[in-house]
Amino acid sequence: MFEQIAQSIPYQRISVGGVNISIKRLDLVHPHISGNKFFKLKYNLLAAQQQGYKKLLTFGGAYSNHIAATAYAAQLFGFESLGIIRGEELANKSLNPTLHTAQQFGMQLQFVTREAYRQKQSSAYLAQLHQDYPDYYVIPEGGTNPLAIQGCTEILSDEDRQNYDLICCAVGTGGTITGLIEASHSQQQVLGFSALKGDFLSTEVEQLTPKRNWQITDQYCCGGYAKTTSELLQFIQDFEQQYDIPLEQIYTGKMLLGLSDLIQQAAFPVDHRILVIHSGGLQGRLTAL
Ligand SMILES: *Cc1c(COP(=O)(O)O)cnc(C)c1O
């Protein structure tokens with residue numbers, strides 16, 4: 001099923017501030033395994049299957065698109081799934097739509113303290129996890145690992161490599177942009193709009209790829225992960241109305257806010273050929289934008 005769907009991703013051409021941009025609508029690849037998460041999960045699920053695993057374990061925050069996508073994909077592929085969720089206090093509350101949906105798709109949820117959650121990449125924690133859950137295939141937070149990066153190289157087609165000067169994407173853990181960088185032509189530039197504050201993501205991506213035709217900016221993170229500003233929310237409303245393309249406030253809204261601002265500042269030539277990766281995530285869209 002992975003092969004068929006990736007072939008038929010639609011593009012939408014729009015004009016922003018007089019510059020034509022093409023939006024690659026990964027949000028439309030699948031109603032539940034949306035956007036980049038589809039590509040990040042692909043080789044992980046195949047590896048888990050090949051290695052004989054029956055269960056998946058992964059991590060996420062309460063609004064995580066990765067949790068939602070993994071829960072559905074696990075069910076589709078016949079895995080049991082366990083989600084380790086940040087925030088012990090959530091255990092006693094009614095589930096938000098993301099977690100409720102994940103549970104409906106059969107994911108078992110385990111809530112842990114923020115302190116415990118912060119340890120999730122430490123070798124001591126991971127060793128303990130393997131001891132407690134020996135028969136689970138572990139996918140890291142946000143789904144980013146080498147197999148996820150391999151999957152994300154498939155976001156770009158040969159035409160995408162030929163037809164564009166600049167490729168834009170939203171950045172969370174950096175897995176998606178690394179795949180795009182790896183797949184890009186060396187004449188192309190890849191520009192990532194970080195959803196998080198700080199330049200640690202650039203340092204991480206530098207470790208993941210030897211190529212240097214890319215940049216990540218946190219200038220449009222609006223204060224940090226999951227933070228919003230009234231300017232961002234207004235921008236999303238106006239954009240959706242003008243172009244009939246849904247955005248959300250954590251990733252894609254910030255990316256397009258940033259790209260429009262750069263276009264307004266005349267950062268690119270008007271004939272620059274720009275490809276924007278719409279990475280989905282609409283399950284986490286605020287309804288009251
Ligand atoms: C998870 C997500 C991202 C971030 O992807 P990374 O590979 O973690 O950088 C971007 N956009 C959307 C909509 C996402 O859900």
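**Overall fold**

I began with the secondary structure: the protein chain has twelve helices and ten strands. These are DSSP runs numbered from the N terminus, with helices (H or I) of at least four residues and strands (E) of at least two. I kept in mind that this is a predicted model, where local features need pLDDT of at least 70, side-chain atom pairs count only at pLDDT 80 or more, and totals for chains, interfaces and linings use all residues. Residues are numbered from 1 along each chain as its sequence is written, and side-chain values use heavy atoms, with hydrogens and water left out.

Next I checked the size. The C-alpha trace spans about 55 × 40 × 35 Å along its principal axes. The radius of gyration is 19 Å, which agrees with the value near 19 Å for a compact globule of 289 residues. That radius is taken over C-alpha atoms, and the globule rule is 2.2 Å times the number of residues to the power 0.38.

I then looked at burial, and found that 54% of the 289 residues are buried. Buried means under 20% relative accessible area, exposed over 50%, and partly exposed in between (1.4 Å probe, protein chains only). For contacts (heavy atoms within 4.5 Å), I took pairs at least 6 apart in sequence, and 74% of them join residues at least 24 apart.

I asked myself how many of the nine residues of H9 are buried. Eight of them are, among them Gly175, Leu180, Ile181 and Ala183.

Serine 184 sits in the loop between helix H9 (175–183) and strand S8 (189–194). I noted a relative accessible area of 5% for serine 184, so it counts as buried. A polar atom of its side chain lies 2.7 Å from the backbone oxygen of isoleucine 181. I also found a polar contact of 2.9 Å between the side chains of serine 184 and asparagine 213. A polar contact is a pair of N or O atoms within 3.5 Å; within protein, one must be able to donate a hydrogen and the other to accept it, and residues adjacent in sequence count only if both atoms are side-chain atoms. Beyond four places in sequence, serine 184 touches residues including Leu156, Ile167 and Val190.

**Tryptophan 214**

Tryptophan 214 belongs to strand S9 (residues 214–217), and I logged it as buried at 10% relative accessibility. Its side chain reaches the backbone oxygen of lysine 211 at 2.8 Å. Setting aside neighbours within four places, I listed its contacts, including Ile181, Val190 and Val205.

**Isoleucine 245**

I wondered where isoleucine 245 is placed. Isoleucine 245 is in the loop between helix H11 (230–243) and helix H12 (252–264). Its relative accessible area is 0%, so I marked isoleucine 245 as buried.

**Two alanines with positive phi**

Alanine 226, in the loop between S9 and H11, has phi near 65°, a positive value in a residue other than glycine. Alanine 226 is partly exposed at 44% relative accessible area. Alanine 266, in the loop between H12 and strand S10 (274–278), has a positive phi of about 55°. I noted alanine 266 as exposed, with a relative accessible area of 59%.
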